[in-house]
Amino acid sequence: MKRLTLGIVLSAALLGCPDKNQGPAGVPPGKQAAADIAAGRTFAERECKGCHGLDGKGAAPAIPHLAAQRERYLVAALSAYKEGKRTHAALREIAAHMSEADARNLAAFFASLPPVQAASTTDGGLVSPYDHGRKLAASCAKCHSEDGNSRLPGTPSLAGQQPHYLVVAIQEYLNKERKAAPMHALLPGLKKLDLESLALYFASQAPAQRAAPPLGDAAAGEPLSAVCGGCHGSHGVSTDASTPSLAGQDARYLVDAIKAYRTTRKRESMRLYVTGLSDKDIRNVAAFYSVQKSRAVERGQTLVKDLTDKCERCHAAEADTPGMVVPKIRGQDRDYLIMALRAYRDDRRESSMMHRMSLPYSDSIIESVSSAYARQPAR
């Protein structure tokens, strides 16, 4: 994942965007027979009522609302189940025995219903992982400072650190793969979403510029850093969410961390390179990276709004967009949106566009965007 967030386009089409300008199930526009809403209601009462109700409202969390959904999208979704592109067993079974007329009629029935104004519009779930992370960061301030710029020698700065790496590092402390400090006793009480929110907050802070450290020779360390740059980026500014930035880091911490790869830290590629460095080389490399200018790698302060603004380019349209089959998502069930976005991210639902858009995002961000849409009035 390129960002924990963490690239910034989550969803130009939450549930599928074919490229060709086709009507339902690939039939050219204007060629479909007129749908029979009454026949669609009869089919829904027989096959769909148990989960989606005759009012189109999902009967339980993670079941989508179908009322007032776009007709073309509903037909396209049924076609995806029929073709095995979606994996819900019951829906695949129902769709397999549906004719094209059944699909059109059913879609027309649900599309004709008034939108569901669900309780999820006032959902109290997590909306801003950045704000949640800021609250959690107060417990880290004693050692790492409120903004993540540590002022204690030997203590790492967290400001501007790559978020996925920070989550992994915390998990390594929890698994006793790294030497833990007393404050790390607070970590076991944090859930995965807490860790992701905390990482996003620190990733969004601006790293402070450091003065030359009292150890090592930065000029001598620069040529020794050439190998490091292949993973950690030019001058130690990483562009990969899984690889830590070294620029602007505390020099004493870097020395201790580099030496740890000789013994306790389990990264074979790091161990092979580090074993060839003398203690003096390590001090010089640490000195070089400590004075390099770093930057915040995320914009957590505005992340949810930035993402939903981009989603709106397709999903806010009042009518179908030519060449695209895009669902309405305002007021949709929050748990269903979370499930759908995770499925795209994890490549469990077919849509190359949505897979690319969802891939960088952590569960905390997916839940935040889903909450934001579930809160909006359906229409």
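**Entry 1: a pair to begin with**

Which side chain meets that of Arg342 in a salt bridge? I found Glu367, at 3.1 Å from N to O. I count a salt bridge when a side-chain nitrogen of Lys or Arg is within 4 Å of a carboxyl oxygen of Asp or Glu. Arg342 lies in helix α16 and Glu367 in helix α18, so the pair ties together parts that are 25 residues apart in sequence. My helices (H or I, at least four residues) are DSSP runs, numbered from the N terminus.

A note on the ground rules: this is a predicted model, where local features need pLDDT of at least 70 and side-chain atom pairs count only at pLDDT 80 or more, while totals for chains, interfaces and linings use all residues. Residues are numbered from 1 along each chain as its sequence is written, and side-chain values use heavy atoms, with hydrogens and water left out.

Next I checked how covered the two partners are. For this I call a residue buried under 20% relative accessible area, exposed over 50% and partly exposed in between, with a 1.4 Å probe and protein chains only. Arg342 is partly exposed at 26%, and Glu367 is buried at 12%.

**Entry 2: the network around that pair**

Salt bridges join Lys192, Arg334, Asp335, Arg342, Arg345, Asp346, Asp363 and Glu367 into one network. Within it, the side chains of Arg334 and Asp335 meet at 3.7 Å, N to O. Arg334 is buried at 14% relative accessible area, whereas Asp335 is partly exposed at 31%.

How many salt bridges does a search of the whole structure find? The search gives 19. One of them joins Asp309 to Lys305, with the closest N and O atoms 2.8 Å apart. Both are in helix α15, and because they are 4 residues apart, about one helical turn separates them. Lys305 is exposed at 54%, and Asp309 is partly exposed at 39%.

**Entry 3: the nonpolar cores**

I turned to the inside. A nonpolar core here is a set of buried Ala, Val, Leu, Ile, Met, Phe, Trp, Tyr and Cys residues joined through side-chain atoms within 4.5 Å. The largest one has 28 residues, and those with the most contacts inside it include Leu166, Ile170, Phe202 and Tyr373. Two or more residues each come from α6 (129-137), α8 (163-174), α9 (192-203), α15 (303-315), α16 (334-345) and α18 (363-375). Helix α9 gives the largest share, 6 residues. Another core, of 21 residues, lies apart from this one, and Val75, Ala77, Val116 and Val325 are among its members.

**Entry 4: rings**

How many aromatic pairs are there? I count 4. To pair, rings of Phe, Tyr and Trp (its six-membered ring) need centres within 6.5 Å; planes under 30 degrees apart count as stacked, over 60 as edge-to-face and the rest as tilted.

The ring centres of Tyr130 and Tyr201 are 5.3 Å apart with planes at 50 degrees, so this pair is tilted. Tyr130 sits in helix α6 and Tyr201 in helix α9, so the pair ties together parts 71 residues apart in sequence. Tyr130 is buried at 8%, and Tyr201 is buried at 7%. Tyr201 also pairs with Phe202: the centres are 5.3 Å apart and the planes at 65 degrees, so this pair is edge-to-face.

Leaving out residues up to four places away in sequence, its contacts include Ala137, Cys140, Leu158 and Leu166.

How many disulfides does the structure hold? I found 0, where a disulfide is a pair of cysteine sulfur atoms within 2.5 Å. For Cys140, the nearest cysteine sulfur is that of Cys143, 8.7 Å away. Cys140 is buried at 17%, while Cys143 is partly exposed at 23%.

Last, I noted Ala68, which has a positive phi of about 65 degrees although it is not a glycine. Ala68 is in the loop between α2 (49-52) and α3 (71-82), and is buried at 9%.

Key: Contact means heavy atoms within 4.5 Å.
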